[in-house]
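Here's a quick briefing to read with the model open beside you. Take a look around first, then work through the points below.

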Amino acid sequence: MMDWLIPLYPWLKACHIVAAIAWMAAILYLPRLFVYHLEYAADSPGRQAMFNVMETRLSRIIMTPAMMLTWTFGIALAALPGIVDWSQMWPWVKLASILSLTGIHFWLAHQRRMIERGSCQVTSRQFRMLNEIPFALMILIVIMVVVRPG
């Protein structure tokens, strides 16, 4: 059914990796912007506006399109015959990790709106600590794809 995609496999894989790198870069950078926003812009309307623009552009222009492309190319790869053996553990762990990253993505987008409104309940210290979760998930995903444990 998806056999017509087989000749495109290297391109799909390359596009998937590029999109995933862009998504991870944005998902790791946005919380750092939140930290600086909360710590250094509280008393400056000009800085508040600058951080709001930076965070909005990062989220809308890079992070969300990169997530959508990552999912699109990933689904295309998973649909190729013989690429993913769903009887093994690794694709399920990878899928659970990607779903978690997607949840974090939408949570960060919500937090961006809350910060913009001035009603965020998360502290800069909490954003610093939470920023480690996407990094750990990325490591887990790479291990699952490269090592492919049973």
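How many salt bridges does a search of the whole structure find? The search finds two, where a salt bridge is a side-chain nitrogen of Lys or Arg within 4 Å of a carboxyl oxygen of Asp or Glu. Keep in mind that this is a predicted model, where local features need pLDDT of at least 70 and side-chain atom pairs count only at pLDDT 80 or more, while totals for chains, interfaces and linings use all residues. Residues are numbered from 1 along each chain as its sequence is written, and side-chain values use heavy atoms, leaving out hydrogens and water.

**Salt bridges**

- Side chains of opposite charge can pair when their charged atoms come close.
- Glu39 pairs with Arg128, and their closest N and O atoms are 2.8 Å apart.
- Glu39 sits in helix α1 and Arg128 in helix α4 (residues 124-130), so this pair ties together parts 89 residues apart in sequence. (Helices are DSSP runs of H or I, at least four residues, numbered from the N terminus.)
- Glu39 is partly exposed at 32% relative accessible area; buried means under 20%, exposed over 50% and partly exposed in between, using a 1.4 Å probe and protein chains only.
- The other bridge joins Arg112 and Glu116, at 3.5 Å from N to O.
- These two are four residues apart in helix α3, so about one helical turn separates Arg112 from Glu116.
- Arg112 is buried at 4% relative accessibility, whereas Glu116 is partly exposed at 42%.

**The largest pocket**

- The largest pocket has a volume of about 840 Å³. (On a 1 Å grid over the protein atoms alone, a pocket is an open set of points where a 1.4 Å probe fits, with protein on both sides within 12 Å along at least five of seven lines; the volume is the space filled by probe spheres set on the points.)
- Its lining has 29 residues, and His16, Lys94, Ile98, Ile141 and Val145 lie nearest the centre; a lining residue has an atom within 4 Å of a point.
- α1 gives the most to this lining, with eight residues.

**Helix α3 and a backbone angle**

- α3 has 28 residues and reaches 41 Å from first C-alpha to last, close to the 40 Å expected at 1.5 Å a residue; the expected span is 1.5 Å times one less than the number of residues.
- Gly118 follows α3 and has a positive phi, near 80°.
- Arg148, in the segment after α5, also has a positive phi, near 50°, although Arg148 isn't a glycine.
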